[in-house]
Amino acid sequence: MSELILTTYDWVPEMPRGMVRDLRVRWALEEAGLPYRVESTPFRDRGPDHFAAQPFGQVPWLTDGDFTIFESGAILLHLSEKSPVLMPTDSRGRTEVLEWVIAALNSVDLPSQPWALFRFMGFPGQSPEAKFIDDFMKARLERMEGVLAGREWLVAGRFTVADLLMADVLRQVHRFDGLEEYPACLGYVVRATARPAFLKAYDNQIAHFAAADAA
């Protein structure tokens, strides 16, 4: 197997720590037990090499042998091809996981990003824009509440990459207390983030950025 190298920022401010999306990839690698190492790219000085690997100047990207992959969702699907821990091997199971991966990235992350950003930036809560986003977020959470009320994990009767991604999307809503009225969603996030692989990935990301503070 070729060497897997995860690249993330060398440093970020305090607020986004624990939420930078290399955590998703760390989590998947830990769940699958795949060996990897972490490299850094400058947060403040994003040069041509960075944009060659990630055209939007973001992180993470994954190097697998002689090619790189950007966008966390694409990286997770790539890693899922390497491990049945992340993705079922039967056709139906794979299809169900894929549809929930797409749902996490499109249907749920679409409102959760601006919803969380409004709170991070302290935008007025009563503005028409904020109300639109609040209503959009509530509609998605109501649907997810109904789905999760009857199951522990989304598909295949076990944790898969679909849960990893959906739980991480919902985690940013939970960070701003957005799941208090949705006990099934909240319980789902709590279950997922209690997994040893998540805890290790989280601690490693925090330690990575903390080391830059000390340097």
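Predicted model: local features only at pLDDT ≥ 70, side-chain atom pairs only at ≥ 80, totals over all residues.
Strands of a sheet pair through backbone hydrogen bonds, and they can do so in a parallel or an antiparallel way. Here, four strands make up an open sheet, and if you walk across, the order is β2-β1-β3-β4, with mixed pairing. Which strands stand at the edges? They are β2, residues 37–41, and β4, residues 67–70; each has a single partner strand, so one side of each is left without a neighbour in the sheet. From one strand to the next, the twist averages 25°.

Now take a look at β3, which covers residues 61–64. β3 pairs with β4 in the antiparallel sense, over four bridges.

On to the helices. Helix α1, residues 22–32, packs on the sheet, where it touches β1 (4–9) and β2. The direction of α1 makes about 155° with that of β1. Then there is helix α3, residues 72–80, lying across β1, β3 and β4 and running at about 125° to β4.

M15, L117, F120, M121 and F123 make a nonpolar patch of about 460 Å². And where is F123 placed? You'll find F123 in the loop between α4 (91–121) and α5 (128–148). F123 has a relative accessible area of 40%, so we call F123 partly exposed.

Methods:
Residues numbered from 1 in each chain as written. Heavy atoms only, no water. Pairing = 2+ DSSP bridges. Helix = DSSP H or I, 4+ residues; strand = E, 2+ residues; numbered from the N terminus. Axes fitted to C-alpha atoms, helices over the stretch in contact; angles between N-to-C directions. Contact = heavy atoms within 4.5 Å. Patch = residues over 30% accessible without salt bridge, like charges linked within 9 Å, V, L, I, M, F, W, Y side chains within 5 Å. Areas by Shrake-Rupley, 256 points an atom, 1.4 Å probe, with all protein chains shown as cover. Salt bridge = Lys/Arg side-chain N within 4 Å of Asp/Glu carboxyl O. Buried < 20%, exposed > 50% of the residue type's maximum accessible area, 1.4 Å probe, protein only.
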